[in-house]
Amino acid sequence: MDESLDSLSKSSDTAVGPDDIYYQMLKHLPSEVLHSLLNTLNNIWLTGNFPASWRQSYIIPIPKPDKDTTNPTNYRPIALTSCVCKVMERMINNRLVWYLERNKLITPTQSGFCKGRSTTDQLLRLETFIREGFIQKQHVTAIFFRLGKGIRYDLEVRHHERFA
């Protein structure tokens with residue numbers, strides 16, 4: 001019950017999906033109904049019987065800023081899905097993150113999708129590495145890889161001793 005209440009409390013009042021169940025409705029349920037909801041979520045987890053209605057969403061195209069709105073590629077699709085499903089997803093995600101962190105399965109240098117870490121952390125790491133290279137009179141080599149269509153990069157940086 002603690003996990004479901006925590007997941008609900010971290011939910012912001014976003015637009016509703018096709019089931020027309022709002023977060024505010026879920027947040028104001030009496031405790032007996034919350035227990036029934038938790039039993040339902042546990043049953044879905046144990047049986048793997050994912051409700052068909054959770055596979056439905058409303059897709060809203062949002063135009064990208066300062067782009068030609070007549071070009072379909074200049075839109076960002078937003079999927080409005082079931083709030084109940086998102087509560088369960090958040091509960092599962094919290095457990096997975098807890099497991100990965102507890103068992104040290106996420107490298108400390110990873111910033112993407114990690115709470116409290118961002119691109120800024122990686123930029124500071126790179127800057128520090130470059131400064132250390134200068135101080136130690138070493139060359140620094142950086143290799144950037146573009147992954148997919150988005151702007152995400154993997155970074156490999158190494159110190160090299162300078163040739164005399």
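Trainee: Which helix gives the most to the lining of the largest cavity?

Mentor: That's α3, with 4 residues. Before we go on, this is a predicted model, where local features need pLDDT of at least 70 and side-chain atom pairs count only at pLDDT 80 or more, while totals for chains, interfaces and linings use all residues. Numbering starts from 1 along each chain as its sequence is written, and side-chain values use heavy atoms, leaving out hydrogens and water.

Trainee: How many cavities of 30 Å³ or more does the structure hold?

Mentor: The general idea first: rolling a probe the size of a water molecule over the atoms shows where empty space is left. Here there is 1 cavity of 30 Å³ or more, and about 50 Å³ of space lies in the largest cavity. On a 1 Å grid over the protein atoms alone, a cavity is where a 1.4 Å probe fits but cannot get out, a pocket is an open set with protein on both sides within 12 Å along at least five of seven lines, and lining residues have an atom within 4 Å of a point. A volume is the space filled by probe spheres set on points joined across faces, edges and corners.

Trainee: Which residues line the largest cavity?

Mentor: Met1, Ser4, Leu8, Leu34, Leu37, Leu38, Leu41 and Val87. Helices α1 and α3 (31–47) each supply at least two of the lining residues; helices here are DSSP runs (H or I, at least four residues), numbered from the N terminus. By class the lining has 7 nonpolar, 1 polar and no charged residues (Ala, Val, Leu, Ile, Met, Phe, Trp, Tyr, Cys and Pro are nonpolar, Asp, Glu, Lys and Arg charged, the others, Gly among them, polar).

Trainee: How do I read the packing of α3 and α4?

Mentor: Two packed helices are described by the angle between their axes and the distance between the axes. For α3 and α4 that's about 65° and 11 Å (axes are lines fitted to C-alpha atoms over the stretch in contact, angles running from 0 to 180 degrees between N-to-C directions). The two are therefore roughly perpendicular to each other (65 to 115 degrees). Leu37, Leu38, Leu41, Ile44 and Trp45 in α3 meet Val84, Met88, Met91 and Ile92 in α4, with heavy atoms within 4.5 Å. That contact has 9 nonpolar, no polar and no charged residues.

Trainee: At what angle do α1 and α4 cross?

Mentor: Helix α1 (residues 2–9) and helix α4 (residues 83–102) cross at roughly 115°, their axes coming within 9 Å. That makes α1 roughly perpendicular to α4. Glu3, Ser4, Asp6, Ser7 and Leu8 of α1 touch Val87, Arg90, Met91, Asn94 and Arg95 of α4, giving 3 nonpolar, 3 polar and 4 charged residues.

Trainee: What lines the second largest pocket?

Mentor: Its lining includes Glu3, Asp6, Asn94, Arg95, Trp98 and Phe113, around about 270 Å³ of space. Helix α4 gives the most, with 6 residues. By class there are 4 nonpolar, 2 polar and 6 charged residues in this pocket's lining.

Definitions and conventions
Angles under 35 degrees count as roughly parallel, over 145 as roughly antiparallel, 65 to 115 as roughly perpendicular and the rest as oblique.
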